[in-house]
Amino acid sequence: MDRAIFFSPQAGREITAPHVSKARFAIGDVVRHKLFDFRGVIFDIDPVFANSEEWYESIPAEIRPPREQPFYHLLAENDENSYVAYVSQQNLLSDAEGGPVDHPSVHEMFEAFREGRYRLRRGLSH
């Protein structure tokens, strides 16, 4: 078999993914959504879509991204809220020039914002 299998708690099932996937962004990178007005810091990466079917189907068909690409978990913010977002690689742009992210959970997961990115706290890294 040329695919790996992992369990996704969000999807509630096993997910198959290529053994190697090329993520454009890394944990600690600050990114901006291409279509919607929010930005955030990446705290986890799925090699392919690994959320629930209901979540995927809730995206309008005309903008629904393909499943076979990395999806990123973000501590996200907009002008009104802080929240967790799940975004496909095709919908993200680098936004390090925008400065630090003002999400209340950033300091629980990351050290200070330096040189355009965050570094994961030592106790949280693999």
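Student: How far apart are the end C-alpha atoms of residues 22-121, and what's the helix and strand content?
Tutor: The ends lie 24 Å apart, and the span is 9% helix and 29% strand. Helices (H or I, at least four residues) and strands (E, at least two) are DSSP runs, numbered from the N terminus. This is a predicted model: local features need pLDDT of at least 70, side-chain atom pairs count only at pLDDT 80 or more, and totals for chains, interfaces and linings use all residues. Residues are numbered from 1 along each chain as its sequence is written, and side-chain values use heavy atoms, leaving out hydrogens and water.

Student: OK, switching to rings. How many aromatic pairs are there?
Tutor: The count is 10, where rings of Phe, Tyr and Trp (its six-membered ring) pair if their centres lie within 6.5 Å; planes under 30 degrees apart count as stacked, over 60 as edge-to-face and the rest as tilted.

Student: Why is the F110 and Y118 pair called tilted?
Tutor: Because their planes are at 50°, with the centres 5.5 Å apart.

Student: Are those two buried or exposed?
Tutor: F110 is buried at 0% relative accessible area, and Y118 is buried at 2%. Buried means under 20%, exposed over 50%, partly exposed in between (1.4 Å probe, protein chains only).

Student: Which residues form the aromatic cluster?
Tutor: F49, W55, Y56, F71 and Y86 form one. The charged end of R67 also sits over the ring of Y56, 4.0 Å from its centre; the rule is NZ of Lys or CZ of Arg within 6 Å of the ring centre and within 35 degrees of the ring normal.

Student: And where's F36?
Tutor: F36 is in the loop between strand 3 (30-33) and strand 4 (39-46), and is partly exposed at 45%.
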